[in-house]
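Subject: Structure for your files

Hello,

Here is the structure I said I would pass on. My notes on it follow below.

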Amino acid sequence: LFVKSGYEHTRDLTDMPKVESLLPIPTLIQQSREKEVDEYSDEGVGCRKTYYLPIFNEIRLIDLGGATFNSDYHSSIINTRQYRAPEVILNCKQWDEKSDLWSVACILAELYTGELFFPTHHNYEHLVLMEKAFGTNMQLQGKGYFPKWMAVHADREVKKWFQITNDPQVKKAKCLWPDYAEDDDMIENVKEFKNLQSLILPEHQEFREFLEYLFQVDPDLRPTAEDALNHEFFQSNFSEEA
């Protein structure tokens, strides 16, 4: 994924990948073996869950129909919602190769958990889930998570979801939650949502740190595909048990 994205970016292409872009080799899907692992939660290790591991990890990368040149028109409706970067939802700047890296991070998190990382169908809820997934306790207690410039330059209908102060010393904006929640189901979904640290097992700390590196909310600070490939995560040796 990173090599593909890097290749596209050198040619001024943005693709916005999603997990459906990964096509396992069909003959290998049938050759799997079971592995039971402890499922982790905020309360600790819970029930055991069975995963089916392919014998080989070879895949094909498909579905490049959304690839867009930097000079082409950039639609505000791109790729599958759950893989959209925050700047795409806010429409605060033209999306680019950095937005691809957010999508890749969503794919990696989904491959790890077996579930959509952001299980939502609403932009407001999506932004709140981002804040909960990565925001520190201080940010969640009122300091804000999103860079203020992103909220200031957001579309008008989106900007109303943020608490934005004129104080130049304040560099963050906070989602006004649950002020614009559509229903109780949305509130419950956000309440049950687990942050990144809770989803990743403690022994997989290197992977969590790599995801945090990719999930930079500010696209100007987010790494490129080339940067990601040079991350120390790819220099580590992992056993299957790890």
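In what order do the three strands of the open sheet stand, and is their pairing parallel or antiparallel? The order is β7-β9-β8, and the pairing is antiparallel. Please keep in mind that this is a predicted model.

The sheet

Strands β7 (146-147) and β8 (162-163) are the edges of this sheet. Each of the two has a single partner strand, so one side of each lacks a neighbour in the sheet. As a general point, strands in a sheet pair through backbone hydrogen bonds, in a parallel or an antiparallel arrangement.

The pairings in detail are as follows. Strand β9 covers residues 172-175 and is joined to β8 by two bridges, with the two strands running antiparallel. Within that pairing, Phe-162 has Cys-175 in β9 as its bridge partner. The pairing of β7 with β9 is also made over two bridges, again in the antiparallel sense. There, the residue opposite Phe-146 is Ala-173 in β9.

The surface patch

Which residues form a nonpolar patch on the surface? They are Val-3, Leu-229 and Phe-234, and together they have about 260 Å² of accessible area. Leu-229 belongs to helix α12, which spans residues 225-229. The relative accessibility of Leu-229 is 32%, so this residue counts as partly exposed; the cut-offs behind that label are under 20% for buried and over 50% for exposed.

The protein overall

The secondary structure consists of 12 helices and nine strands. The protein has 242 residues, of which 41% count as buried. Taking the contacts between residues at least 6 apart in sequence, 67% join residues at least 24 apart.

That is what I have for now.

Regards

Notes: Residues numbered from 1 in each chain as written. Predicted model: local features only at pLDDT ≥ 70, side-chain atom pairs only at ≥ 80, totals over all residues. Heavy atoms only, no water. Pairing = 2+ DSSP bridges. Helix = DSSP H or I, 4+ residues; strand = E, 2+ residues; numbered from the N terminus. Patch = residues over 30% accessible without salt bridge, like charges linked within 9 Å, V, L, I, M, F, W, Y side chains within 5 Å. Areas by Shrake-Rupley, 256 points an atom, 1.4 Å probe, with all protein chains shown as cover. Salt bridge = Lys/Arg side-chain N within 4 Å of Asp/Glu carboxyl O. Buried < 20%, exposed > 50% of the residue type's maximum accessible area, 1.4 Å probe, protein only. Contact = heavy atoms within 4.5 Å.
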